[in-house]
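Dear colleague,

I am passing on the structure that we discussed, together with some notes on its charged side chains. Please read the notes with the model open beside them.

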Amino acid sequence: MDTVALFCTAALLAGGVYWFVCVLGSAEQKGKSAVDLSGGSISSEEVRDNYKQYWSFFRRPQGIETADKVPDFVDTFYNLVTDIYEWGWGQSFHFSPSIAGKSNREATRIHEEMAVDLIDVKPGDRVLDVGCGVGGPMRAIAAHSRAKVVGITINDYQVNRARIHNKKAGLDSLCEVVCGNFLKMPFPDNSFDGAYSIEATCHAPKLEEVYAEIFRVLKPGSLYVSYEWVTTEKYRGDNPEHVDIIQGIERGDALPGLRNYLDIAETARKVGFEVVKERDLAKPPALPWWTRLKMGRIAYWRNHILVMVLSALGIAPKGTLDVHEMLFRTADYLTRGGDSGIFSPMHMILCRKPESPASS
């Protein structure tokens, strides 16, 4: 009887572990297994040290004095978080408004397709994805528009991941990925028929610099749309709770200081763009974008326990648990930012490069 009980208990435990890891998998997207979590291009032995260096650099985002080092630390950030993002969130590293009757995945795709619809490109047009990550939006946009999308990311590991996903999706003929800094893009002037950035330019130390680069590579008359991370009109700099929330978001997302929503259009006009449309896509009638974060708390705890076990067993690199804990805390700050209405990750601005230079 004892043998039978022991066998049943072992079978139950084995089944539970299989369900916990393999069936549940990630919170949203299959494709990156928990046992394959890595530090991107960082060696396993250096993950913890790189995390500590990152955390030290971004502990006071608004006080960053060495802005020239920001791109390097953003690169480090994405080496640290890319596998965790893919495993626990999906291949599109951004938020989207919840849509009644639609899954998170469907809502994400609709949010991405709206971006390319706004810039009015045709099949075969050459479109720039500024800060493409592992290419989730790129693939949705290429499939929807049949445009040829060129994505740029500063992170070499993401380039490799994006190429793998593009080929697997059968979209490698429409999707190209380049490793580079969007502050100094390796593209000729006037070479793109349209451009978009989805929650990416928030990593630029100066928004003017990345907008100027996008302006340079766009053909005259072409459109550019961006979903920007901003503080809203409800944010008060003299409110300690507001400041704590915003600084928590900045520290946990490699941001050298969040911008106020009023700065976005002003910056676009400063580099030469005409502002066609501007709207916060997070505002009603849109449903809350942070609902997914709230609903995912059980999955986050489950994933955190799994990362803890994998780290203890030496399967996940030392430091992975620290990174996951940082992202868990950041999710709480993001939720509080959404609940209070002081933060939006989808302040949309649609711009046009004039057909001819503005007269002085």
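A salt bridge here means a side-chain nitrogen of Lys or Arg within 4 Å of a carboxyl oxygen of Asp or Glu, and by this rule the count comes to twelve. This is a predicted model, in which local features need pLDDT of at least 70 and side-chain atom pairs count only at pLDDT 80 or more, while totals for chains, interfaces and linings use all residues. Residues are numbered from 1 along each chain as its sequence is written, and side-chain values use heavy atoms, with hydrogens and water left out.

One of the salt bridges joins Glu113 to Arg109, with the closest N and O atoms 3.2 Å apart. The two residues sit four apart in helix α4 (residues 104–118), and so are separated by about one helical turn; helices (H or I, at least four residues) and strands (E, at least two) are DSSP runs, numbered from the N terminus. Glu113 is buried at 15% relative accessible area, whereas Arg109 is partly exposed at 34%, where buried means under 20%, exposed over 50% and partly exposed in between (1.4 Å probe, protein chains only).

Another pairs Lys219 with Asp193, their closest N and O atoms lying 2.9 Å apart. Because Lys219 belongs to strand β5 (residues 218–231) and Asp193 to strand β4 (residues 192–198), this pair ties together parts that are 26 residues apart in sequence.

In helix α7 (residues 207–217), Arg216 and Glu213 are three residues apart, and their side chains meet in a salt bridge of 2.8 Å, N to O. Arg216 is partly exposed at 22%, while Glu213 is buried at 12%. Salt bridges with shared partners join both of these residues and Asp189 into one network.

Best wishes
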